Amino acid sequence: MSGAALGIEIVVVFFLALFLLHRYGDFKKQQRMVLFGTLLAWYLCFLIVFILPLDVSTTIYKQCKIDHKESTSVPTGSPLPFNHTTANTSPCYKPWSYIPDGIMPVFWRVVYWTSQCLTWLLLPFMQSYARSGGFSITRKIKTALIENAIYYRTYLLIFGSLLIYVAVHPEWHLYELQTIGITAANTWGLFLLVLLLGYGLVEIPRSYWNASRHGHLLIKTYFKASKLMTEKADAEENLEDIMEEVRKVSEAIKYNHPLRKCVDTILRKCPVDYQDKMGRNMDDYEDFDDKQNTYPSEKSLVKLHKQVIYAVQRHNRTRVQWQILLQQAVHLEDVAKNEASSTHQFVHSFPPSEPAGLFVRYVYTLTVEWYWECLLKRWFYRLLSVVLTLFSVAVVWSECTFFSTRPVLSLFAVFIQLAERDYNYLYIEMACFVTIFFLCTCVYSTVFRIRVFNYYYLASHHQTDAYSLQFSGMLFCRLTPPLCLNFLGLIHMDSAISHQQKEQTAYTSIMGSMRVLSFIANGFYIYYPMLIVILCIATYFSLGTRCLNLLGFQQFMGDSEMTSDLIDEGKELIRREKRKRQRIEDGENRRRVSGFDFSLVQTHDLTTLCPRTAQQLQSQRFPPGGGGDQTQSEQRGSTGLRLLRGTRTHCARRRML
């Protein structure tokens, strides 16, 4: 099993990152460079999270060998624990997931330095490249270099200053220079990590508790519907304005103009219906006259191209999000109606658009759905919220006390040390994985939830733009290394913080000794995480939400008059959309009933079968005087349907006779 666990997790993590990228990105429309860069950034960060527990168990095994100073040998006749692969004469048992020496240091160096190159050098460049409106690769590269010139100059200035400092102080080596660079990156990441973690530790348990309250969830959905409709209308208006500019440019620059290729590139990025309208209004046989008319410059076309990409993506995103939110609102209203049902079968307002699969047909039936949606789901969410709350309390307590080694106050350090006494490696790995997974969930979920106006927004169902995808990759690469170091400090596996002479993990060894900068190792890394208490209190009382509400950014506040108005508006919008959807389905049903047989069976075919009844069918199909209201049309349709069925029987009998 040596190295097998490492290989399995490498493969599993890759498919996990690929699944998340497929959920948020669009494999068909987005550039391959954007998808590859985001996938690599997410993959490397998830690898650190999943592989670190194996590094911890291997380090504990090495520490045991150092403590007993005995070489391993397999005893005879001694029983082994179920989760141990080999045994020896000492209490040290090799873990089932043991990784041979020399593999982990190389693995961590490759993962860490690749992720750092991505987040500080490549992803910012790729971000500007993907957002550029240039019409050629050279123009996009030039734009990306110009936009990132300030950052690159800053990096060169810092690096040059450090080289001069090392040259002036000969006692310093390049190893200390590398450690300073890693410490600076981790310090920046830890500063942002505590802010995001303080929000997630409170908001995630609270979100599951609120999800168990169907009434609260429905009201909040109405509020979101009102805000989303405003954003949707604004996106449509912005798209129409941009398309009007594109139309003017397309009419001004004719087919033989040197910039016509740029205009054609812009037109291909427009929605199909707008392309058809512009194509009908074009006169490609009219030549341009550069002496009499003024034409847009290439720079203005680049700017227009960039605006078109942004406007189309925003319009598509709001349209898809509105349909998803409408389905959620209808489902929550159905849950509220079915709670008082005595039949214990879930009734949907609208039938599903897709046929039911085997799981829905035989397992997740209407009765099972009723018990889950109306009874069990809320209690499951409440229980999950309580468990997550206990985890959050344990994290806050451990963040404030992890520097104390005698006595050990960090709860996670206590759990790991208890398992270390019995060398229960499976428990150690599971405890480490659950702890670090919860920390990453609190941080990463905040990254997925936050929204910086319309510049950074991760939207599911393939609606995230290239800029937001790459920005999330940058954040993950900057947050994951300090998060893992913080986790190692919580379980007292980082000697720079715990000041214990123990075997270091391979992950800690590549970070270098933090004692080079003692004021960071003994000060910032220890006391700054205590700020998480203040952030949790602020999040619990929704101070950030109240501040945004005061600044004019409408947030969901139960005691606000503006919130009540938006809830009423959203409720009316959902009711209106339901009526529209109901009318569409009723119209389809009427057309299906009234026009089904007439569209499939031709009158001349019926005449050959039975000429006498063909005239009656013709009068039902094309009644004298035409027109008529909708009720008469429905009556004629139902009458014609009955008459057609009777005609078939009558004609068949006459043929038999």
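Mentor: Let me start with a term: a crossing of two helices is left-handed if the near helix is turned anticlockwise from the far one by less than a right angle, and right-handed if clockwise. Helices (H or I, at least four residues) and strands (E, at least two) are DSSP runs, numbered from the N terminus. This is a predicted model, in which local features need pLDDT of at least 70, side-chain atom pairs count only at pLDDT 80 or more, and totals for chains, interfaces and linings use all residues. Residues are numbered from 1 along each chain as its sequence is written, and side-chain values use heavy atoms, with hydrogens and water left out.

Trainee: OK, how many helices and strands does the chain have?

Mentor: The chain has 24 helices and 2 strands.

Trainee: And which way does helix 2 cross helix 14?

Mentor: The crossing of helix 2 with helix 14 is right-handed. Helix 2 covers residues 32–68 and helix 14 covers residues 425–449, and they pack at an angle of about 155 degrees with their axes 9 Å apart. Here axes are lines fitted to C-alpha atoms, for helices over the stretch in contact, and angles run from 0 to 180 degrees between N-to-C directions. Angles under 35 degrees count as roughly parallel, over 145 as roughly antiparallel, 65 to 115 as roughly perpendicular and the rest as oblique, and helix 2 and helix 14 are therefore roughly antiparallel.

Trainee: Which residues meet there?

Mentor: With contact meaning heavy atoms within 4.5 Å, the residues of helix 2 include Trp42, Phe46 and Tyr61, and those of helix 14 include Tyr425, Glu429 and Phe448. The residues of this contact between helix 2 and helix 14 divide into 19 nonpolar, 1 polar and 1 charged.

Trainee: Is Cys536 buried or exposed?

Mentor: Cys536 counts as buried, at 11% relative accessibility, where buried means under 20% relative accessible area, exposed over 50% and partly exposed in between (1.4 Å probe, protein chains only).

Trainee: What about Tyr540, buried or exposed?

Mentor: Tyr540 lies in helix 19 (residues 532–540) and counts as exposed, at 54% relative accessibility. Leaving aside neighbours within four places in sequence, Tyr540 is in contact with Val202 and Arg206.

Key:
Nonpolar A, V, L, I, M, F, W, Y, C, P; charged D, E, K, R; others polar.
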